[in-house]
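Subject: Structure for your review

Dear colleague,

Please find the structure below, handed over for your study. A short account of the findings follows it.

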Amino acid sequence: MASFILRKAEPNDVSDILRLIKELAKFEQMEEKVVLSEKDLLEDGFGDHPFYHCLVAEVPKEQSSEGHTVIAFAMYYFTYDPWIGKLLYLEDFYVMQDFRGLGIGSQILKVLSETAVKTCCSGMHFLVAENNTKSIEFYKRRGAADLSSEEGWRLFEIEKEELLKMT
Amino acid sequence: MHFKIRAAAKEDCRQISRMIKELAVFEKMSDQVKISHEELERDGFCQNPFFECLVAEVPEQNKSEEGFTLVGYALYFYTYSTWMGRSVYLEDLYVMPEFRGNGIGKGLMSKVAEVGKKKQCVRLQLSVLDWNTPARDFYATKGAQDLTASEGWHFIRFDGQSLDDLVNEAPKD
């Protein structure tokens, strides 16, 4: 049974965070879409007005996988719903394959929900790909509502090229 | 019709709250609006605001039937993509029905895109209800892609009881 700690990410963690971001993107079959660098992560997460917050899970050296002791992360930020106010938005949530089934994911979700409640958020939102049935089940077991199915919300995106045409 | 798009001021929150409720009525979810102008004033105009807002204003002589000069708004905030970095999320975009067809919606969106560009954002995201065809068509003309359709993304929420349960109970694995 792995022993692990959860803590706030520090500037030194950016290379591990990027590694895990790429692993998750690979699982989502979108690896080539990761264009973010360690420098971006450093600037955007650890400056005066961070764009994101990050939790990492760390195991002792003797339990490490290929020398990596940071084996999970959750990246989140605060958003706003004009009907109910502040929300915690979970952007990425990933545990390395070798370390699943040990309660790390559950513990991360628990800490995030505590953060949401402590910061007076009305809820926690995030996206899941519809073919990721394992994740959907994980969240539904914990009482999450699928708003795309239940309320018909569809996510839209306008990329930079089109944005520039609008300005 | 003459109109001006500008950044919202704290004093605008009552009008913004009015329009938020109008939009919620249109989205058939008016019973879900739980906050008022007070929360908007607190959360949008503090040191680290949780959102930014643009308003569309018409001159006195063009005011609405009920006497309002703020006739549209766009509420947005910054998000982060682990793939590409800084993004803008357009949470609400609304123009009062009697003022539509005058380019106000387009004006608000362009201004949000401009703000995003200044902050080096690489994309703008938003959510639309599946039955809201006018909105879906409007965004399609601006080059938006429906990621729910093309990539299968579903929008998930934990709130109220389910959020408290997460905090308090052990998961049932």
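I begin with one helix of chain B. In α3(B), the buried residues are B:I104, B:G105, B:L108, B:M109, B:V112, B:A113, B:V115 and B:G116. Please bear in mind that this is a predicted model. The helix covers residues 104–118 of chain B, 15 residues in total. From its first C-alpha to its last it reaches 21 Å, close to the 21 Å expected at 1.5 Å a residue. Just after α3(B), B:Q120 adopts a positive phi of about 60 degrees.

Setting aside neighbours within four places in sequence, B:L108 is in contact with B:I5, B:L54, B:V55, B:A56, B:G72, B:Y73, B:A74, B:L93, B:Y94 and B:V95. The largest nonpolar core has 104 residues, and B:L108 is among those that touch the most other members, together with A:L41, A:F73, B:Y73 and B:L90. Strand β3 of chain A, residues 70–81, gives the most to this core, with ten residues.

Turning to chain A as a whole, its secondary structure consists of six helices and seven strands. Read from the N terminus, the order of elements is β-α-α-β-β-β-α-β-α-β-α-β-α. Chain A has 167 residues, of which 55% are buried. Among its contacts with a separation of 6 or more, 57% involve residues 24 or more positions apart. The accessible surface of chain A is about 8,000 Å², and carbon and sulfur atoms account for 48% of that surface.

With kind regards

Terms used. Residues numbered from 1 in each chain as written. Chains lettered and ligands numbered in written order. Predicted model: local features only at pLDDT ≥ 70, side-chain atom pairs only at ≥ 80, totals over all residues. Heavy atoms only, no water. Helix = DSSP H or I, 4+ residues; strand = E, 2+ residues; numbered from the N terminus. Expected span 1.5 Å × (residues − 1). Buried < 20%, exposed > 50% of the residue type's maximum accessible area, 1.4 Å probe, protein only. Contact = heavy atoms within 4.5 Å. Areas by Shrake-Rupley, 256 points an atom, 1.4 Å probe, with all protein chains shown as cover. Core = buried A, V, L, I, M, F, W, Y, C linked by side-chain atoms within 4.5 Å.
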